[in-house]
Amino acid sequence: MTEDVPLNVTVEVKIFSKSPLVLIGVCNIPKSRAIGPAPWISPRLRGRPYWLLLKVHWSAEQVRDVERLADVYHRHAVEQPEHRIVYLCNTPRELLLLQRRGIPSLLCNHNIFACERTFNIDRSQPKQFDAVYTARMSSYKRHELGCHIRRLGLIYPTLREDDDRRLELVKHVLPAATFINEVEAQRATAGLTNPKAREFVLQTFARNDRIGLPATTVAVYTNRARVGLCLSAVEGAMYASMEYLLCGLPVVSTPSRGGRDLYFDPEFCTIVPPDPDAIAAAVADLIRRDLSPERIRARTLAKVMHDRAKLLGFLRAIYEDAGTPRDPIDDWRETFTHTMAGPAVPVDAFLQMLDASETSASH
Amino acid sequence: MDERAGRRIRAHVLSPDPLVIIGAVEHGGYLGPAPLLSPMLVGRRYWLLLRLHWSMERPHLLAKLAAAYARHAEQFPENHIFYLCNTERELLAFQRQGIPSLLCNHNIFVSDEIFDVQPEQPKEFDAVYNARPAPYKRQELGRDIARLALVYYVANDEDRDYLSALKKRLPNATFVNEVEASRATTRLGNAKARDFVRETFEQKGRMGLRPDAVARWYNRARVGLCLSAAEGAMYASMEYLLCGLPIVSTPSRGGRDFYFDPEFCVIAPADSKEVADAVASLARRRIPPDHIRAKTLAKLMHDREIFLRFVQAIYDENAAERDARQDWRRTFVHALTADVPLDWFREGAKPGASST
């Protein structure tokens, strides 16, 4: 394993606890980051044992992907025995595949990291959309399947370079949809009376900030819809699916691989074929049923809290092994942010954050 | 003559093809039925999911289990054992040893149909304790509870002796199995015949009660007790909750608190006065049984669903056209207590069923 870490590599790591050092990161097993940030941080943290819990951000249910992961994982485990990686699997099938190859793992669907306070029922919001779809502007999200829904709201996270073309395409196939990020951008600049200044700000906003919305705004718009959509065939566990449920929205989903259905309840989550008519009909049916948002949220939250307690129990065991009297629930409260994402920063900056937090902890 | 002839083993066959078995680690073994099955099924692949009927959190026990597992895995590499851990601490310990494992508290195997709220039952006991008459169960911690019901199963002569001692120590208790035995034999007018039936019942039936009778007695109590310091995850704790009873438990190791909700489960020190006070306080609160059951059941069904998806993944890996939920419905019995003739594995299970 090389000591040289390219300067342009960024890592996304949440420092959950400093002692014992527990980090929460992300991995994408089919792609290059099968062991998450470990290749970049492990060489720099020699002599400092850590636990790295990896959220799985893309389905890891293909045997060939897990075979490849096993090679990379076991090489790292031999080279860095003090750096322990544990995979938080989104599905029981992922767990089976990883366990069979001796890779430490537990079932911990990443949707337990959705913030139940940010995403809550807001009855003051008018229901202006039949359905909302929070999804990256990427072809695997299959926005076009929503073409028969009359009032459709689209929310998209921060655009990446190659998402621009997709956005244009989606605008073309869904001419009647409301592109909520743009509505918000217009709203944010409405106070600027000088049209040139306004245009400049809007363009800069769109170019540089890639028009992502804060989670609180996503929650507001989620509450303005009657149904949440999940239309991909494969991805990770899809945080948005949990955001819908916590806001009390029923869900229409296509069959999928990745684990978003772990918290689906057939009482208010309908799985339909990837067909625009079937999807629109399922949306209409759920609206007609006028389900109680409180019931949807409560039933979902009961499972989420139960699963979150399992992760905290696992962390408690790690703490006990390390002889730490602290309760991980305190660290959870202190470090929790929606999706538990760490800041995406260069490796050096991450190490500085780690040192800084240790210095402040010692005072 | 084969000494195994006619022998039955504790194993729940969820699917014959692929062969998926749910067993249990108990009575000093560490591999459940694997030492019997694996030599018999050489050349056939099977999957064994093992519940832990005793806490494996102690390092010396886990070390023995790990050694037994490693030996077996080397000798029979085609068989797959997964341990179903009752607690997160167990899971961490197993994972650190590299032993295939998942968090699956064995209380998901309690029947939610047999154990249900029965509002028609009169609440004649302050508390009920379903536990084997054995010192580790610490029945005597219930001595300050005014109206105590004891349900039990007697596994051996040691238990029978201990039961006799308990009768002297706990004059406040109703020994439910005896009440049931009396009830069952009251119609026998001939005293000698009655004694004979009762003795036979005690000897052969080991004085165990059927789960539906146990459920009825639970429903006659206001609180369920869990008083051991260490054991497995204690099926009875889940049975209480599904019958809508709140719980008083001592601190414990083993995983029975996995489904405890602080709203209706109180952890009291291992002291008879403290236990009695906690019972009185919980009974006073009159928590709706339906609420206790519903909250518990939500977690239970979620975890059972996860388990069945895990089994389904095994089926899928074997390209089997089976539905794990259907197999569950077809084969489920409370606590998976069924046993199977060993010969079934030799002769009845379809050979060549599972390899991919």
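Mentor: Let's start at L150(B), which sits in strand 8 of chain B, residues 148–151. Keep in mind that this is a predicted model. At 3% relative accessibility, L150(B) falls under the 20% cut-off, so it counts as buried. What does L150(B) touch, once residues up to four places away in sequence are set aside? The list runs Y129(B), Q139(B), L170(B), A173(B), T174(B), F175(B), V176(B) and N177(B). There's also a C-alpha pairing to look at: L150(B) and V128(B) are 22 residues apart along the chain, yet their C-alpha atoms are separated by 5.9 Å.

K171(A) and E182(A) meet through their side chains in a salt bridge, 2.5 Å from N to O. The pair links distant parts of the chain, with K171(A) in helix 4 of chain A and E182(A) in helix 5 of chain A, 11 residues apart. E182(A) has a relative accessible area of 28%, so it is partly exposed. K171(A) is partly exposed too, at 25%.

Stay in chain A for another bridge. R151(A) pairs with D130(A), and their closest N and O atoms are 3.1 Å apart. This pair spans 21 residues: D130(A) is in strand 7 of chain A (129–134), while R151(A) is in the loop between strand 7 and strand 8 of chain A. R151(A) is partly exposed at 30% relative accessibility, whereas D130(A), at 12%, counts as buried.

D343(B) and R346(B) form a salt bridge whose closest N and O atoms are 2.6 Å apart. Both belong to helix 12 of chain B (residues 342–348), three residues apart, which is about one turn of the helix. Relative accessibility is 24% for D343(B), so it counts as partly exposed, and R346(B) gets that label as well, at 34%. Over all chains, a search of the whole structure finds 47 salt bridges.

Next, a charge without a bridge. K303(A), in helix 10 of chain A (residues 293–321), is buried and has no salt bridge. The nearest side chain of opposite charge is D265(A), 4.4 Å away, and the cut-off for a salt bridge is 4 Å. Neighbours within four places in sequence aside, K303(A) contacts Y263(A), F264(A), D265(A) and, from the other chain, H302(B).

H302(B) takes us to the interface. Together with L92(B) and R309(B), it supplies 24% of the area that chain B buries against chain A, more than any other three residues. The area buried between the chains is about 2500 Å², with carbon and sulfur atoms giving 62% of it. Chain B puts 27 residues into the contact and chain A 28. Between chain B and chain A there are six salt bridges. K310(A) and D303(B) also meet in a salt bridge, at 2.6 Å from N to O. R309(B) turns up again in a salt-bridge network with D261(A), E305(B) and R325(B).

Last stop, the nonpolar side. The largest nonpolar core has 231 residues, and those with the most contacts inside it are Y87(A), Y83(B), F307(B) and F345(B). Helix 10 of chain B, residues 289–317, gives the most to this core, with 11 residues. Zoom in on Y83(B): among its contacts beyond four places in sequence are V25(B), Y30(B), L31(B), Y69(B), F94(B) and P100(B).

Note on methods: Residues numbered from 1 in each chain as written. Chains lettered and ligands numbered in written order. Predicted model: local features only at pLDDT ≥ 70, side-chain atom pairs only at ≥ 80, totals over all residues. Heavy atoms only, no water. Core = buried A, V, L, I, M, F, W, Y, C linked by side-chain atoms within 4.5 Å. Buried < 20%, exposed > 50% of the residue type's maximum accessible area, 1.4 Å probe, protein only. Helix = DSSP H or I, 4+ residues; strand = E, 2+ residues; numbered from the N terminus. Contact = heavy atoms within 4.5 Å. Lys, Arg positive; Asp, Glu negative; His and termini not counted. Buried area = accessible area lost by both parts, 1.4 Å probe.
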